[in-house]
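I opened this model to look up a few things and note them down. The entries follow in the order I took them.

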Amino acid sequence: MTTNRRILNFIDGRCVEGRGRWFEDINPADGEVVAEVSEATAADVDAAVSAAKRALAGPWGKLGVEERAALLHKVADGIMARLDDFVAAEMADTGKPLMPTRMGEIPRAAGQFRVFAEIGRVTPMEMFESAMPDGRRALNLVHRVPRGVVAAICPWNLPFMLLTWKVAPALICGNTVVVKPSEETPATAALLGEVMTAAGIPEGVYNVVHGFGPDSAGEFLTTHEGVDAITFTGETKTGEAIMRAAAVGTRGVSLELGGKNAGIVFADCDFAAAVAGETKAAFHNCGQICLGNERLYVERPIFERFVEALAEAARGLRMGDPMDKATQIGPLISRQHREKVLGYMEQARAAGAEVHAGGGIPALGDPFDRGAWIEPTLWTGMAEDAAAVREEIFGPCVHVAPFDDEDEVRALVNDSPYGLTATLWTRDLDRVHRLAPALEVGVVWVNDWMVRDLRTGFGGAKGSGIGREGGVHSLHFYSETRNVCIRT
Ligand code: NAD
C-alpha cells in the first residue's frame with residue numbers, strides 16, 4: 001500500500017519539508033506503509049539548532065520556573081486531549097497492542113510533563129552563609145541555569161515515553177531542544193509539535209528532525225557545534241559514537257544504553273508471583289525493553305518446576321490483532337530486527353539450547369503474516385559464554401539456568417559487560433540486604449519488576465550507560481549551577 005500521510009520536520013514552530021529524501025514508516029504488525037517521512041539534511045539540522053539557540057534568547061528565556069511549569073502542565077493536558085491520536089500514531093509505528101499503549105505508555109508520557117514540572121518547581125535554590133577566618137562574611141547563592149540547546153536522540157522501543165522523559169526535564173530547566181526520534185518511530189514526536197504550539201510553547205523551543213544515525217540527522221545533530229548537551233537512549237555501540245561526538249567541545253552527555261538483565265529466583269520466593277513477574281520481564285513489549293530480563297537464574301530445587309511454569313505462561317501469551325483488547329504481545333519493530341533475533345535463535349540451537357517454548361515465527365494469518373512477529377521463546381541448557389546468553393538480543397527470548405548458592409549467582413549476574421537492572425525474588429530480607437547492593441547494576445527490583453518511580457535516579461552501570469536521569473538527577477543533567485557569592 002502507498003500512503004498520502006507525510007511526516008515533516010518541526011523547526012522553529014513550523015512543519016518543514018527536509019531537503020533530504022523521503023523514507024517509509026512501516027507498521028510492523030502488517031507490513032503496511034503508514035507514512036512517508038521527510039529526512040533532515042545537515043542544513044535542516046542547522047536550521048533547527050539555530051532556531052533553538054534563538055529561542056533561548058527570546059520570550060522562553062525570560063520565563064520563570066513557575067511559568068514554565070504551567071506551560072508543561074498545558075502540554076500534558078494537550079497530549080491527553082488528543083490521546084486517541086497519540087495512541088493511533090504509536091501503534092501504527094510500532095504495532096504495539098492497544099491496551100498497554102492506551103492505558104500505559106501514552107498517559108505515562110503525558111504524566112512526565114506534570115512530574116518534571118513539579119520537581120522543577122519545588123526544588124529549592126541552595127544558599128550558604130560563609131564565614132572566612134579573617135572575619136569576612138558572604139552569602140552564597142547557587143543558581144540553576146539551563147545548559148542551552150539540548151539534543152535528544154531517541155530509540156524506537158518506547159518512543160513517546162522515552163522522548164518525553166528527556167524533553168520534559170530539559171524544558172522545565174529552561175533549555176530548548178532538538179529531538180531526533182528513531183527512524184522507525186517518527187510519528188508521536190511530530191504530533192507533539194502540534195501540542196506544543198497549541199499549549200503556547202514559543203517557537204524554536206521544541207524542534208524535531210527526522211532521519212537515521214550515521215551520515216544523517218542523528219550524526220548531523222550530535223556533531224553540531226551549536227548543541228550544548230546530548231541525551232541519548234539506545235544501543236551501547238551507538239552510545240560510544242555519541243560520546244565521541246560529545247567530546248568535541250567537551251559537551252555534557254547522558255547515555256541510557258543496552259542491557260542483559262538478570263532475574264534471580266530463590267526457592268523461598270512466592271512462586272506464582274515470580275512466574276507472573278518474570279513472564280512480563282521476559283516478554284513485555286515483545287522483549288524490546290531495555291529493562292527486560294533475557295537471563296534468568298533459578299535456585300536448583302525449583303528449577304524444573306519454574307521452567308515448566310514459565311514455558312506454559314509464554315505459550316499462553318496472546319499475539320495477533322493489536323486493536324484486540326485481549327492481545328498482549330505485539331510484533332518486533334521490523335523484519336530487519338526479526339532477522340537479528342532469528343539469528344540468535346539459530347545460534348542458541350547450535351549452542352545446545354533446549355527450546356521449551358517458541359523458537360520461531362507464529363502463523364497468525366493475513367495480514368499479520370506480512371508483519372514482523374516472533375514467538376516468545378524460552379531456552380535452557382546453554383553455557384554462559386553462548387552469544388544468546390551474553391549479548392543483548394532485544395527480543396522475547398529468555399535463557400534459564402540453575403544455581404546453587406548466593407555467591408555463585410552473584411558472580412553469574414555480575415559477569416556481564418552490561419549493568420542496567422536485576423530482579424530478585426525471595427522472602428528472605430537478610431538475603432536482600434546482602435545481595436542487592438552487591439549487584440553491579442543501576443536498579444534492583446525485589447519481588448516485582450519495572451516499578452518505575454519518576455522521582456528516583458535511573459541509569460546503568462558498566463556498558464549500560466553514564467549518568468542518572470529521573471527526579472533531581474534530571475535537573476542535575478539538564479542544568480548547571482552558577483555560584484554567586486555576595487559579601488555581606
Ligand atoms: P540505536 O542505538 O540503534 O538507535 C537509537 C537512536 O540513535 C536512533 O534515533 C538512531 O537513529 C540514532 N543513531 C544511530 N546511530 C547514530 C549516530 N552515529 N549518531 C547519532 N545518532 C545515531 O538503538 P535502537 O535500536 O533505536 O534502540 C534499542 C536499544 O536501545 C537497545 O540496545 C536498548 O537496550 C536500548 N535502550 C536503552 C534504554 C535505557 O534506558 N538504558 C531504554 C530503551 C532502549
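**Domains.** I took the centres of domain 1 and domain 2 over C-alpha atoms and got a separation of 31 Å. The assignment gives domain 1 as 6-257 + 465-487 and domain 2 as 261-453. Such bounds come from an automatic or database domain assignment. I then looked at their contact (heavy atoms within 4.5 Å). Domain 1 puts in 26 residues and domain 2 puts in 29 residues.

**Ground rules.** The model is predicted, so I note that local features need pLDDT of at least 70, side-chain atom pairs count only at pLDDT 80 or more, and totals for chains, interfaces and linings use all residues. Residues are numbered from 1 along each chain as its sequence is written, and side-chain values use heavy atoms, with hydrogens and water left out.

**Helix 3 and helix 5.** Helices here are DSSP runs (H or I, at least four residues) and strands likewise (E, at least two), numbered from the N terminus. How do helix 3 and helix 5 run relative to each other? The axes of helix 3 (residues 65-81) and helix 5 (residues 98-122) cross at roughly 170° and come within 9 Å. The pair is therefore roughly antiparallel. That label needs an angle over 145 degrees; under 35 is roughly parallel, 65 to 115 roughly perpendicular, the rest oblique. Axes are lines fitted to C-alpha atoms, for helices over the stretch in contact, and angles run from 0 to 180 degrees between N-to-C directions. I listed the contact residues: helix 3 brings, among them, Leu72, Ile79 and Met80, and helix 5 brings Ile106, Phe113 and Arg114, among others. The contact divides into 12 nonpolar, two polar and five charged residues. Nonpolar covers Ala, Val, Leu, Ile, Met, Phe, Trp, Tyr, Cys and Pro; charged covers Asp, Glu, Lys and Arg; the others, Gly among them, are polar.

**Arginine 452.** I found arginine 452 in the loop between strand 20 (443-446) and strand 21 (461-462). Is arginine 452 buried or exposed? Its relative accessible area is 16%, so arginine 452 is buried. Buried means under 20%, exposed over 50%, partly exposed in between (1.4 Å probe, protein chains only). Leaving aside neighbours within four places in sequence, arginine 452 touches Arg108, Trp165, Trp445 and Phe458.

**Alanine 245.** Alanine 245 sits in helix 9 (residues 236-247). Its relative accessibility is 12%, so alanine 245 counts as buried. Beyond four places in sequence, alanine 245 is in contact with Thr222, Thr223 and Arg251.
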